[in-house]
Amino acid sequence: MSNVLEMGRLMQGNEAVAEGALAAGVRFFAGYPITPSTEIAEIMSNKLPQVGGKFIQMEDEIASIAAIIGASLAGLKSLTATSGPGFSLMQENLGFAAMAEVPCVIVNVQRSGPSTGMPTAPAQGDVMQSRWGTHGDHPVIVLSPSSVREAYDLAVKSVNLAEEYRVPVILLLDEVVGHLREKVVLPAQEQIDVLNRQGPETPPESFIPYTSGAKGVPPMANFGDGYRHHVTGLAHDETGAPNNSPVVAEELIHRLHNKISDNLADIIIDDSRFLDDAEIIVLAYGSTARSARHAVKEARRQGLKAGLYRPLTLWPFPEQKVLEIAKKAKTIIVPEMNMGQYRLEVERVVGKHCQVKGVNRVHGELIKPGEIYDTILEVV
Amino acid sequence: MTRELDSYLRMDKFPHMWCPGCGNGIVLRSLLQAINELELDQDRTVIVGGIGCSSRAVGYLDFNTLHTTHGRALAYATGIKLARPELNVIVITGDGDATAIGGNHFIHAARRNIDLTVLLFNNNIYGMTGGQYSPLTPANSKATTAPYGTIEPSFDISELARSAGASYVGRGTTYHTGLLKGLIKSGIENKGFSLVEAVAACPTAFGRRNKMKGGADMIMWQKENAVNIKKAAQMSPEELEGKIVVGELHKQEAPEYTAMYDNLIARVMQQAGGGSVTPLKGN
């Protein structure tokens with residue numbers, strides 16, 4: 001078995017997500033069929049019972065995310081997977097998970113929108129929605145892979161971050177990465193760091209469900225373990241009881257955000273190439289980063305000082321790193337299969353340090369390396 | 001050995017938020033009596049609510065309690081029950097929560113016959129938002145969003161639950177509290193999806209707009225208009241017009257979802273020749 005893994009195997013991005021989630025300990029999946037994410041549900045329905053886990057096909061995406069939140073409260077690491085329209089339906093309960101601090105992972109394999117759009121065509125149009133899709137100021141973590149192996153690794157990371165920070169984590173693929181097939185060599189199970197939620201260290205009598213623990217995250221008691229408590233999407237005090245006090249609400253919302261913003265070094269993952277002397281930097285994520293890598297390599301072959309910066313954690317936004325890059329660069333090029341959603345954030349952070357230029361396509365096809373390369377030539 | 005019902009309440013969360021004359025407290029008492037007589041373990045019992053006046057009851061109850069989003073209580077409860085089938089899972093919901101925004105989740109939870117007990121407080125109105133009509137508001141009633149009277153027919157939610165696949169359905173009222181308690185007990189004991197509809201008065205948002213006086217008068221209305229299922233069987237549809245049929249409306253043995261899933265896991269594991277699913281005998 002391990003020999004087969006060492007030799008590698010041909011695997012699809014969506015399959016890698018399912019395998020990564022299982023390796024990270026996911027034992028519950030609820031979902032609803034939707035292109036181009038359905039393979040994840042199909043694989044989970046096959047594999048979960050083999051390891052004693054549970055799969056359920058719910059009546060819609062609203063119910064799917066509700067069910068994984070319920071299962072997580074009962075102690076199981078939980079996952080759902082969807083795409084554009086389904087992700088829109090999940091926003092309501094995504095906010096609940098953020099507010100009530102319930103660990104869960106939502107995979108969104110982006111397709112062309114808005115609305116039903118082009119169901120089988122790739123896009124990166126949900127970047128802002130993944131950050132701000134549910135109402136109210138809420139914390140969230142969003143990771144985005146560019147390859148099949150990265151889809152596997154980030155699936156593991158998503159589950160770990162969800163459990164460690166008691167936050168919904170969105171694993172944001174695009175259709176290209178979701179359906180891409182590559183040869184991958186997966187790590188053996190014992191090489192994978194699997195994190196579990198921190199349980200209470202106090203006896204039930206003195207358990208206060210929403211007091212900060214390590215890294216600002218409250219220890220979590222699962223339903224049925226003897227720690228009777230109340231969980232609500234209403235603003236609540238440390239006991240979990242609904243509370244309308246302005247002081248309590250203010251403290252709560254700040255604490256929810258601080259547990260993320262105080263631990264950025266833990267949460268932000270990125271990758272870069274040729275940044276040391278780069279004057280023109282392509283900042284790209286998802287499948288677009290694959291084209292960007294080709295364009296940057298070609299530029300280097302032509303003697304141009306081009307570099308690549310690849311945020312794998314899209315949200316929280318890697319402000320410090322982008323600012324650092326901006327101070328040395330002349331131009332940052334941000335190619336995206338949307339109208340410039342992430343570029344807006346880059347512009348906000350870099351200010352007047354350097355020029356920012358987008359390469360944007362919303363026609364349902366991926367951005368070709370040549371299109372990015374041409375833009376590099378334009379700005380030289 | 002029964003206990004004081006106070007021991008099931010989070011007394012520090014009182015006074016409750018319900019209006020004078022509201023029927024919710026009576027329904028809640030019936031629930032606690034049922035739990036008490038069944039001696040359910042508080043630590044092993046989860047009570048899930050949606051959004052609305054009745055759903056807020058979960059905050060007062062000393063169990064594992066979950067106050068969810070509007071209409072979604074059953075979907076959350078499905079996740080809890082499937083993750084840990086050994087827990088008792090009870091859902092408290094209202095007529096708007098369960099039958100309008102939560103209607104889809106309601107019929108599918110019933111169809112799966114998953115072992116949840118749904119206690120539906122039917123006060124025929126959206127009370128918390130101030131009196132808008134719900135799918136269980138009787139036709140021709142007045143509501144803040146039906147100032148000229150509702151022109152929509154209402155659901156018979158118990159009938160809907162039965163046809164969707166629920167294995168236990170009962171209806172009681174806040175007048176017939178002994179009956180209501182008994183129905184809730186039977187619903188909890190039933191291994192499958194159980195609906196207990198509790199007809200409860202909302203004098204504030206429904207009664208005063210519909211020529212009903214106070215809460216006590218509305219309870220007397222329940223007494224006068226309730227017909228037991230056995231008597232109803234002898235009556236014509238015309239005679240039953242405007243009446244509330246109460247009692248055990250439906251009971252049927254049917255495979256329960258989480259038990260079926262456990263069987264599926266056992267079957268899959270056996271086929272895979274993997275982990276032993278039956279305990280090994282001897283050493």
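Predicted model: local features only at pLDDT ≥ 70, side-chain atom pairs only at ≥ 80, totals over all residues.

In which helix of chain B is B:Ala266 found? Select B:Ala266: the residue lies in helix H10 (residues 257–272) of chain B. Helices (H or I, at least four residues) and strands (E, at least two) are DSSP runs, numbered from the N terminus.

Residues are numbered from 1 along each chain as its sequence is written, chains are lettered from A and ligands numbered from 1 in the order in which they are written, and side-chain values use heavy atoms, with hydrogens and water left out.

**Stop 1: around B:Ala266**

B:Ala266 is partly exposed, with a relative accessible area of 25%. Buried means under 20% relative accessible area, exposed over 50%, and partly exposed in between (1.4 Å probe, protein chains only).

**Stop 2: the nonpolar cores**

Next, select A:Met44, A:Val346 and B:Val48, which have the most contacts inside the largest nonpolar core, a set of 132 residues. A nonpolar core is a set of buried Ala, Val, Leu, Ile, Met, Phe, Trp, Tyr and Cys residues joined through side-chain atoms within 4.5 Å. Helix H7 (residues 148–165) of chain A supplies the largest share of this core, namely ten residues. For a second, separate core, of 31 residues, select B:Leu32, B:Ile35, B:Tyr60 and B:Ile184, which are among its members.

**Stop 3**

Return to A:Val346. Not counting residues up to four places away in sequence, A:Val346 touches A:Leu283, A:Phe317, A:Val322, A:Ile332, A:Val334 and A:Val356, contact meaning heavy atoms within 4.5 Å. Now select the whole of helix H13 (residues 341–350) of chain A: seven of its ten residues are buried, so the helix is largely enclosed by the rest of the structure. The buried residues of H13(A) are A:Gln341, A:Tyr342, A:Arg343, A:Glu345, A:Val346, A:Val349 and A:Val350. Just after H13(A), A:Gly351 takes a positive phi of about 55°.

**Stop 4: the interface of chains A and B**

Show both chains. The contact takes 41 residues from chain A and 40 residues from chain B. Together the chains bury about 3200 Å², 58% of it on carbon and sulfur atoms; buried area is the accessible area (1.4 Å probe) that two parts lose on being put together, summed over both. In chain A, select A:Lys54, A:Glu59 and A:Arg228, which lose the most area to chain B, together 22% of what that side buries.

How many salt bridges are there between chain A and chain B? The count is six, a salt bridge being a side-chain nitrogen of Lys or Arg within 4 Å of a carboxyl oxygen of Asp or Glu. One to display joins A:Arg228 and B:Asp43, whose closest N and O atoms are 2.8 Å apart. On the side of chain A that touches chain B, the elements giving two or more residues are strand S3 (54–57), helix H4 (61–73), helix H5 (84–100) and strand S10 (230–232) of chain A. H4(A) gives the most, with eight residues.

**Stop 5: salt bridges within the chains**

Over all chains, a search of the whole structure finds 35 salt bridges. Select A:Lys259 and A:Glu101, whose side chains meet in a salt bridge (2.8 Å, N to O). This pair links distant parts of the chain, 158 residues apart: A:Lys259 is in helix H9 (residues 246–261) of chain A, and A:Glu101 is in the loop between H5 and strand S5 (104–112) of chain A. A:Lys259 is buried, with a relative accessible area of 1%, and A:Glu101 is buried as well, at 0%.

In chain B, select B:Lys191 and B:Asp115, which meet in a salt bridge (3.7 Å, N to O). B:Lys191 is exposed, with a relative accessible area of 55%, whereas B:Asp115 counts as buried at 8%.
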